[in-house]
Amino acid sequence: MSVLVQESPFSVDSQLRILLASNRGAGLVTFTGYLRDFSEAGAIEALELEHYPGMTERVLEELGALAARRFGLRGWRIVHRYGRIEEQDPIVWVGVLADHRHEAFSGCQFIMDTLKTKAPFWKKEFMRDGRVVWVQSKLDDTEREQAWQEDVYE
Amino acid sequence: MLTVRFFSLIREALDCEELQVEHNAAMLTVDDLKVSLVGTGGDQWREALYQPNVVHALNQRVVNTDHPLKDGDEVAFFPPMTGG
């Protein structure tokens with residue numbers, strides 16, 4: 001039941017241990033998002049993630065609590081970095097614990113789909129060819145988030 | 001006083017992270033604040049603050065621009081979020 005927003009890199013193993021030490025559940029689902037080496041704009045060297053300190057933590061806390069209520073989660077943890085991120089570094093990690101697999105899968109996906117468009121982060125890509133590009137929000141991400149409001153997955 | 005914050009593309013377009021703005025009786029809503037900022041800043045500010053999809057936050061919650069304002073509020077302007 002916790003949120004961590006930090007600039008320095010994190011270890012996925014240690015985040016998993018923190019989640020498992022705090023709660024028990026029959027089903028565990030985790031998602032780790034890594035920085036890709038390419039985007040629509042081309043080959044990426046690094047990413048700079050800006051965020052809104054204070055609002056970020058609050059949005060993620062409320063999102064975790066909402067997911068816990070909606071899917072009956074026994075435990076959850078959301079970890080997100082900001083600042084400069086190098087290729088293949090983890091950017092985001094979400095772990096949830098539930099009594100059954102369906103709730104665990106759904107809870108984790110709901111948190112990730114909602115976080116993409118509701119948590120105040122903005123990505124700026126540093127391309128290998130020297131260009132610097134702000135990432136545009138994707139219609140696909142907005143539609144996935146809205147689909148949860150229409151309960152199409154349940 | 002209102003604290004006004006800008007993030008991402010909008011921060012860069014305005015070359016401004018944060019402003020303190022005197023709150024007056026005529027500044028009833030977030031819309032009124034935008035009109036006042038553009039009145040002071042001019043075309044560059046109009047272009048940045050009125051581009052489609054600008055997100056408005058009041059005290060760190062997303063709101064519509066007709067949301068009422070009060071002294072001491074923190075207002076933020078930013079483009080759609082791209083987390084994860």
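Residues are numbered from 1 along each chain as its sequence is written, and chains are lettered from A in the order in which they are written. As the model is predicted, local features need pLDDT of at least 70 and side-chain atom pairs count only at pLDDT 80 or more, whereas totals for chains, interfaces and linings use all residues.

Student: Which element of chain A has the highest mean pLDDT?

Tutor: pLDDT is the predictor's confidence in each residue, from 0 to 100. Elements are DSSP runs numbered from the N terminus: helices (H or I, at least four residues) and strands (E, at least two). In chain A the lowest mean, 85, belongs to strand β3 (residues 38–39), and the highest, 98, to strand β5 (residues 75–81).

Student: Which residue of β7(A) stands opposite Thr32(A)?

Tutor: β2(A) and β7(A) pair in the antiparallel sense over 8 bridges. Opposite Thr32(A), β7(A) places Trp93(A).

Student: Which residues touch the most other members of the largest nonpolar core?

Tutor: A nonpolar core is a set of buried Ala, Val, Leu, Ile, Met, Phe, Trp, Tyr and Cys residues joined through C-beta atoms within 7 Å. A residue is buried if 20 or more other C-beta atoms, placed from the backbone, lie within 10 Å of its own. Among the 49 residues of this core, the most other members are touched by Val96(A) and Ile111(A). The largest share of the core, 7 residues, comes from strand β7 (residues 90–98) of chain A.

Student: In the hairpin of β3(B) and β4(B), which residue takes a positive phi?

Tutor: β3(B) (residues 55–58) and β4(B) (residues 61–63) run antiparallel, joined by 3 bridges. His56(B) has Val63(B) as its bridge partner in β4(B). The hairpin has 2 residues between the strands, and the positive phi, near 50 degrees, is that of Asn59(B).

Definitions and conventions
Buried ≥ 20, exposed ≤ 12 C-beta atoms within 10 Å, placed from the backbone. Pairing = 2+ DSSP bridges.
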